[in-house]
Amino acid sequence: MTIWRIICLAGALAPLCGCHSVSELRQPANVPVFVDSYDSPVLVKKTGNVPCILNLINCAEKATLVVNKLSGSTEPGPAFPVEAVVREECAILINSNFRQVNAAEHAKIELKVESRKVILSRDGDDLSFSLSLAIMLLNPHHQDKPYFNNVYEVKTIGTMMDENTVPNCVYEAVQRVLANFINEISANEYLVARLSELAP
């Protein structure tokens, strides 16, 4: 191959090799872990047999990475999954403190998670992620006031280590929010007692 052909080929491939080479970041094969566990001994003892379903109808499916440019302006980068990350972490949380609903029964608790703010910013290789989630425990038929309702907001920082993969700071934020939620409801004796009454 001549030098001229190599130069032309390199020029053609250059746009594909930058930080915008993919339209959507994929989830990593090995999910990073930032919290020891979602297990709450208090909840497991009282609510471990309470069937629980997950509602993510108002959780953003995807969000877009915002890239800060040298000029001071911003431009959209690749999208990244939000709902999928929240769903997988919530499934672990439910299995740790309640239980999944069997085919022949009705849920007694609905864990509803709504995204309020999802902002992932990139400046060079530095990342900043702001996440706000509203988390509710509801009667699945929505006939009563929520058993529990709170909004959690965290901010994490990280480094863009892989141009194709959801960065670790996204997982850290989601896991920290869910851990804060579990810690708060576990410390509420009245709420735990009320939820324990829902066990079959």
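Rings of Phe, Tyr and Trp (its six-membered ring) pair if their centres lie within 6.5 Å; planes under 30 degrees apart count as stacked, over 60 as edge-to-face and the rest as tilted. The model is predicted, so local features need pLDDT of at least 70 and side-chain atom pairs pLDDT 80 or more, while totals for chains, interfaces and linings use all residues. Residues are numbered from 1 along each chain as its sequence is written, and side-chain values use heavy atoms, with hydrogens and water left out.

**Exercise 1. State how many aromatic pairs there are, and classify the pair Phe-80 and Phe-129.**

Solution. 
- The ring rule gives 3 aromatic pairs.
- For Phe-80 and Phe-129 the centres are 6.2 Å apart and the planes stand at 75°, so this pair is edge-to-face.
- Phe-80 belongs to strand β3 (residues 74–81) and Phe-129 to strand β5, so the pair ties together parts 49 residues apart in sequence. Strands (E, at least two residues) and helices (H or I, at least four) are DSSP runs, numbered from the N terminus.
- Phe-80 and Phe-129 are both buried; buried means under 20% relative accessible area, exposed over 50%, partly exposed in between (1.4 Å probe, protein chains only).

**Exercise 2. Describe the strand pairing of β5 and the setting of Ser-130.**

Solution. 
- Two strands pair if DSSP finds at least two bridges between them.
- Strand β4 (residues 109–123) runs antiparallel to β5 and is joined to β5 by 13 bridges; Glu-110 has Leu-138 as its bridge partner.
- The hairpin of β4 and β5 has 2 residues between the strands, and Gly-124 takes a positive phi near 70° there.
- β5 also pairs with β6, antiparallel, over 12 bridges; Ser-132 has Glu-153 as its bridge partner.
- In β5, 11 of 13 residues are buried.
- Ser-130 lies in β5 (residues 126–138) and is buried at a relative accessible area of 15%.
- Contacts (heavy atoms within 4.5 Å) of Ser-130, leaving aside neighbours within four places in sequence, include Lys-117, Ile-119 and Val-154.
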